[in-house]
Amino acid sequence: MAAAIAALMSCATRKYTPVADFPPEMAENIRTEYMKIWEKGKVLYGMNCAECHNQKVGRRMIIPDFSREKLEGYELRVSNRQHEENMPDERVTAEELSQICVFLSFRKKTGIPMQPPVR
Ligand code: HEC
């Protein structure tokens, strides 16, 4: 019985944690700096993007893979109507957007492409 409960719990609590993935040729000191930005970007992504973009896969919410060329701070703001209306400067500053882009760019891919958000 205890084993069954333990199995159930581990199943229900499977959590997706994004993992940083920097190119091996990146110098150690630069990696350290980028890691700080990456951590900020992770939090900012959760605050500003996850609500529309995270996807449920089985029991987990995951961050899908965004196409790389679309990850440009300015472009993001105007890339579609949802962004134009939901990403004003007061919500995400240019600096924050670039931090989010660092987070999304240097992240171990989930292998699940971005789907248009259902709204
Ligand atoms: C209000 C909902 C909403 C929010 C919030 C939102 N997005 Fe989007 N995003 C969309 C929609 C809708 C699309 C367009 C989907 C399409 O055209 O296929 C999109 C498209 C994108 C794309 C293009 C992806 C591709 O591969 O074509 C990127 C990159 C992106 N969003 C990143 C972000 C980031 C980063 C944030 C947070 C700063 C964010 N989005 C916040 C709704 C949202």
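Predicted model: local features only at pLDDT ≥ 70, side-chain atom pairs only at ≥ 80, totals over all residues.

Trainee: Is Trp38 buried or exposed?
Mentor: Trp38 counts as buried, at 2% relative accessibility; buried means under 20% relative accessible area, exposed over 50%, and partly exposed in between, with a 1.4 Å probe and protein chains only.

Trainee: And what is Trp38 in contact with, leaving aside its neighbours within four places in sequence?
Mentor: With those neighbours left aside, Trp38 is in contact with Pro18, Val19, Ala20, Phe22, Val102, Phe103, Phe106 and Arg107, contact meaning heavy atoms within 4.5 Å. For Phe106, which is 68 residues from Trp38 along the chain, the C-alpha atoms of the two residues are separated by 7.7 Å.

Trainee: How many aromatic pairs turn up in the whole structure?
Mentor: A search of the whole structure finds six aromatic pairs, where rings of Phe, Tyr and Trp (its six-membered ring) pair if their centres lie within 6.5 Å, and planes under 30 degrees apart count as stacked, over 60 as edge-to-face and the rest as tilted. One of them joins Trp38 and Phe103, and because the ring centres are 5.0 Å apart with the planes at 65 degrees, that pair is edge-to-face. Since Trp38 lies in helix H2 and Phe103 in helix H6, the pair ties together parts that are 65 residues apart in sequence.

Trainee: What about Tyr45 and Phe103, how are their rings set?
Mentor: That pair is tilted, because the centres of the Tyr45 and Phe103 rings are 5.8 Å apart and their planes are at 50 degrees. Tyr45 lies in helix H2 and Phe103 in helix H6, so this pair ties together parts that are 58 residues apart in sequence. Tyr45 is buried with a relative accessible area of 2%, and Phe103 also counts as buried, at 0% relative accessibility.

Trainee: Which residues do the ring pairs link into a cluster?
Mentor: The cluster consists of Trp38, Tyr45, Phe66 and Phe103.

Trainee: Changing topic, what volume does the largest pocket have?
Mentor: The largest pocket has a volume of about 530 Å³. On a 1 Å grid over the protein atoms alone, a pocket is an open set of points where a 1.4 Å probe fits, with protein on both sides within 12 Å along at least five of seven lines, and lining residues have an atom within 4 Å of a point. Grid points are joined across faces, edges and corners, and the volume is the space filled by probe spheres set on the points.

Trainee: Which lining residues are closest to the centre of the largest pocket?
Mentor: Of the 26 residues that line the largest pocket, His53, Leu76, Ser79, Asn80 and His83 are the closest to its centre. Helices H2 (28-48), H3 (50-53), H4 (73-78), H5 (81-86) and H6 (94-105) each supply at least two residues of that lining.

Trainee: Tell me about His83, then: what does it touch?
Mentor: His83 has its place in helix H5 and is buried, with a relative accessible area of 12%. Neighbours within four places in sequence aside, His83 is in contact with His53, Leu76 and Arg77.

Trainee: And overall, how many helices and strands are there?
Mentor: The protein chain has six helices and two strands, and read along the sequence these follow the pattern α-α-α-β-β-α-α-α. Of the 119 residues of the chain, 29% count as buried.

Methods
Residues numbered from 1 in each chain as written. Heavy atoms only, no water. Helix = DSSP H or I, 4+ residues; strand = E, 2+ residues; numbered from the N terminus.
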